[in-house]
Amino acid sequence: MKTFRIGGVHPPENKLSEKQAIEVLPLPEVATIPLSQHLGVPAVPVVKKGDSVKTGQLIAKGEAFISANIHSSVTGTVTKIDDVVDTSGYRKKAIIIKVEEDQWEEGIDTSDNIIKECNLSPEEIVEKVNEKGIVGMGGATFPSHVKLQVPKGKKADFLLINGVECEPCLTSDHRLMLEKAEQMMVGISIQMRALRVEEAIIGIENNKPDAIKHLRKLAENYKGVSVEPLKIKYPQGAEKQLIKALVNREVPSGKLPIEVGCVVHNVGTSLAVYEAVQKNKPLIDRVVTVTGKDLKKPSNFMVRIGTPALQLIDAAGGLPPNTGKVVNGGPMMGKALNDLESPIAKGTSGIIVFSDDESERVPMQNCIRCAKCISVCPMGLEPFFLGLISDKQRYEECEGNHIMDCMECGSCQYVCPSGRPLLDQVRIGKLNVGKMIRERG
Amino acid sequence: MSLLTVSGSPHFHADSSVRKIMYGVLISLIPATLVSFYYFGLGAIIVTLTAVVSCLIFEFLIQKYMIKGPITIWDGSAIITGVLLAFNVPSNLPLWMVVVGSFVAIGMGKMTFGGLGKNPFNPALVGRVFMLISFPVEMTTWPKPEPLTTQIADVVTGPTALAFASFSPESIPSYQDMFIGNMAGSLGEISALALILGGIYMLVKRIITWHIPVSFIASVFVFTGIVWLVDPSANMDPVFHIITGGIMLGAIYMATDMVTSPMAPKGMLIFGVGCGVLTVVIRLWGAYPEGVSFAILIMNAFVPLIDRGFKPKRFGEEVKNG
């Protein structure tokens with residue numbers, strides 16, 4: 001079975017909610033919709049305080065090339081446009097809407113009918129995806145319409161679909177692959193059409209045999225689509241690692257996947273593309289896994305964007321009294337929330353509740369040069385060394401040692417027996433090297 | 001509800017710790033320790049205990065009264081230094097020398113540099129070489145193995161196989177005896193079998209990788225093999241060289257000390273080959289019949305340079321499509 005070659009770790013999977021079917025969460029009372037739910041330039045609001053909006057209506061426009069439209073996920077009145085603390089912990093502008101009875105914008109097909117036929121041209125598909133504000137649903141939230149356009153002079157050979165879900169605890173992609181597989185398949189064929197590729201490979205880790213079986217069966221009816229089971233290893237869901245695992249191509253340092261003829265999309269993104277193109281539905285909801293070992297009912301919820309995290313936790317049995325940390329995303333790469341009212345955004349794949357004793361870091365000791373961080377780094381870097389020189393603010397040296405190749409998967413810090421905050425140090429280094437590069441122009 | 005912790009990812013930590021690694025090494029040392037107890041009896045037990053206890057006490061005293069920092073003597077590293085130091089001395093060594101050696105190992109070899117993780121040289125070897133230079137007679141008078149002996153003083157002493165090789169090759173024990181450990185020598189170096197067992201345990205537990213031991217032993221084998229082929233009458237064969245003296249102990253336990261060895265696989269290979277070549281050079285042309293300790297200490301000094309020169313292979317460094 002295939003996997004990527006360098007590095008990787010095997011954290012405990014803890015997929016408590018993998019058997020829980022997706023439940024639709026009731027609407028929130030107030031929806032807080034951040035203007036920056038994607039990588040790139042924040043969207044510009046096109047509504048103002050006091051406006052009433054319908055579900056699916058455009059409320060902010062992505063005007064730059066790398067940006068994305070934002071639509072109202074609820075029906076109601078805009079009460080204010082203000083700074084809120086979003087799930088990344090930063091204060092960002094958001095449109096706050098007081099929710100009334102759900103009324104969808106005209107033209108959106110909310111039925112369950114599956115429309116398989118698509119005769120749009122690649123340009124029309126890209127336009128549609130752009131218009132409906134689709135972004136990468138795996139967590140990086142890169143605007144999808146950008147990724148569906150092959151730059152001049154480049155050619156895409158493969159569309160790779162990421163159903164790896166290598167993060168422990170998370171099960172939202174797994175449930176999607178089981179419950180929305182047909183729609184996802186149509187979405188994949190639309191993406192293939194936009195990219196003009198003949199072959200699409202869906203990569204799924206071997207801990208989801210039911211999803212592999214189900215998608216394989218469906219794939220028989222879709223030309224050029226195949227399913228590839230992958231050996232379980234974190235971080236296989238990382239774009240470069242997935243490409244290496246599936247087609248054995250190595251994206252050069254600092255380059256994009258298209259350099260080696262690949263385009264990678266998450267399974268959730270394929271579903272969103274289907275809904276945008278075939279049903280005219282903008283990206284206003286998503287599946288979020290809510291889990292934690294002391295949570296009464298770990299679940300997978302279909303949630304409207306802008307719902308406060310606390311509402312999901314309440315629906316999963318309420319916040320346990322021993323809660324020490326709440327994380328947005330997976331336990332390896334997710335961000336700890338500093339406000340439980342932070343809204344669910346397009347890139348929120350999970351809310352994980354940690355108990356007090358799981359929240360503490362192990363005490364830090366001297367580095368004993370065990371070299372475990374080197375052996376697990378999927379990018380072949382030397383995390384202990386990057387951490388050391390970043391700590392000493394030797395940022396030019398950081399750059400020379402390819403600190404920018406780090407994708408912050410956290411494998412180094414995960415294995416470190418001395419409990420050293422390697423990724424914290426590397427992040428600070430990356431921040432400063434990034435600043436240096438920008439200043440150079 | 002109390003305040004929430006907000007910290008950077010990752011939010012999971014592997015079930016690993018310095019203590020676990022160190023106690024893993026100690027478990028792997030059990031076979032070799034038992035063999036030394038079997039062949040050298042009470043003397044071996046007393047020397048080992050003395051070394052371990054004095055290493056612990058010296059580390060404690062230094063941490064408590066000189067550094068005035070946290071006491072970390074139970075992380076296992078001082079115990080390992082003690083055991084390895086004992087492994088490198090004869091079982092009838094006067095105990096005060098063992099205590100002095102432990103002091104040098106812990107005090108000069110380790111704590112001067114800032115404790116575990118900061119020392120450039122293997123502490124046990126620093127102690128051992130100090131003793132070898134200071135007490136050359138006592139350090140090279142080895143008792144003959146006598147299973148389950150309880151005698152400490154007045155044991156029958158004899159030269160090691162390596163020493164035999166230089167003046168009376170016919171008295172060398174059989175390879176089988178040497179492999180099991182039935183020969184004169186330092187406490188822990190006698191049984192290649194027990195050391196290899198311990199090495200396999202550490203490999204399985206992923207405490208060490210194969211790079212250093214294999215390249216070390218292989219380069220000794222190849223180098224002495226060439227010399228032997230050139231003139232079989234004047235030189236011992238390569239099998240003899242790898243199962244005698246401290247090669248096994250050095251290659252499996254001393255050179256692989258993670259603090260004082262390179263971190264990238266390529267660097268580890270260079271380091272292992274360097275140790276092997278230097279050992280053979282010292283053995284064949286040096287003043288001492290045994291060169292492992294010196295070879296490893298010399299290579300320890302090169303580690304920062306090796307680490308700088310040999311980086312791991314990066315992802316996306318060379319474009320390989322296929």
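Where does B:Pro10 lie in chain B? I found B:Pro10 in the segment before helix H1 (18-28) of chain B. Helices (H or I, at least four residues) and strands (E, at least two) are DSSP runs, numbered from the N terminus. The peptide bond from B:Ser9 to B:Pro10 is cis, with omega near 0°.

**Ground rules**

I note that this is a predicted model, in which local features need pLDDT of at least 70, side-chain atom pairs count only at pLDDT 80 or more, and totals for chains, interfaces and linings use all residues. Residues are numbered from 1 along each chain as its sequence is written, and chains are lettered from A and ligands numbered from 1 in the order in which they are written.

**Chain A overall**

I looked up the secondary structure of chain A and got 14 helices and 17 strands. The C-alpha atoms of chain A fill a box of roughly 65 × 50 × 50 Å along the principal axes. The radius of gyration (taken over C-alpha atoms; the globule rule is 2.2 Å times the number of residues to the power 0.38) came next. Of the 441 residues of chain A, 56% count as buried. A residue is buried if 20 or more other C-beta atoms lie within 10 Å of its own, exposed if 12 or fewer, and partly exposed in between, with C-beta atoms placed from the backbone. Two residues are in contact if their C-beta atoms, placed from the backbone, lie within 7 Å. Among the contacts in chain A with a separation of 6 or more, residues 24 or more positions apart account for 74%.

**Chain B overall**

Chain B comes to 14 helices and two strands. Its radius of gyration is 21 Å, close to the 20 Å that the globule rule gives for 322 residues, so chain B is as compact as a globular protein of that length. The C-alpha trace of chain B spans about 75 × 55 × 30 Å along its principal axes. I read 52% of the 322 residues of chain B as buried.

**Between the chains**

**Nonpolar core**

A nonpolar core is a set of buried Ala, Val, Leu, Ile, Met, Phe, Trp, Tyr and Cys residues joined through C-beta atoms within 7 Å. The largest has 216 residues, and those that touch the most other members include A:Ile243, A:Cys373 and B:Val89. Helix H2 (residues 30-67) of chain B gives the most to this core, with 11 residues. Leaving out residues up to four places away in sequence, A:Cys373 touches A:Pro383, A:Phe384, A:Cys412, A:Val415, A:Cys416 and A:Leu422.

**Around helix H6 of chain A**

A:Pro235 sits in the loop between strand E11 (225-230) and helix H6 (239-247) of chain A. The peptide bond from A:Tyr234 to A:Pro235 is cis, with omega near -5°. Is H6(A) mostly covered or mostly uncovered? H6(A) is mostly covered, with nine of its nine residues buried. Its cover includes strand E9 (158-163), strand E10 (199-205), E11 and strand E12 (262-266) of chain A. Just after H6(A), A:Asn248 takes a positive phi of about 55°.

**Helices H1, H4 and H7 of chain A**

The buried residues of helix H1 (residues 122-131) of chain A are A:Ile125, A:Val126, A:Lys128, A:Val129 and A:Asn130. Their cover includes helix H2 (144-147), helix H4 (181-195) and helix H7 (267-279) of chain A.

The axes of H4(A) and H7(A) come within 7 Å and cross at roughly 80°. Axes are lines fitted to C-alpha atoms, for helices over the stretch in contact, and angles run from 0 to 180 degrees between N-to-C directions. That makes H4(A) roughly perpendicular to H7(A); angles under 35 degrees count as roughly parallel, over 145 as roughly antiparallel, 65 to 115 as roughly perpendicular and the rest as oblique. The residues of the contact of H4(A) with H7(A) divide into nine nonpolar, five polar and no charged.

**Positive phi in buried loop residues**

A:Thr141 is found in the loop between H1 and H2 of chain A. Phi of A:Thr141 is near 50°, a positive value in a residue other than glycine. A:Thr141 is buried, with 20 other C-beta atoms within 10 Å.

Technical notes: Ala, Val, Leu, Ile, Met, Phe, Trp, Tyr, Cys and Pro count as nonpolar, Asp, Glu, Lys and Arg as charged, and the others, Gly among them, as polar.
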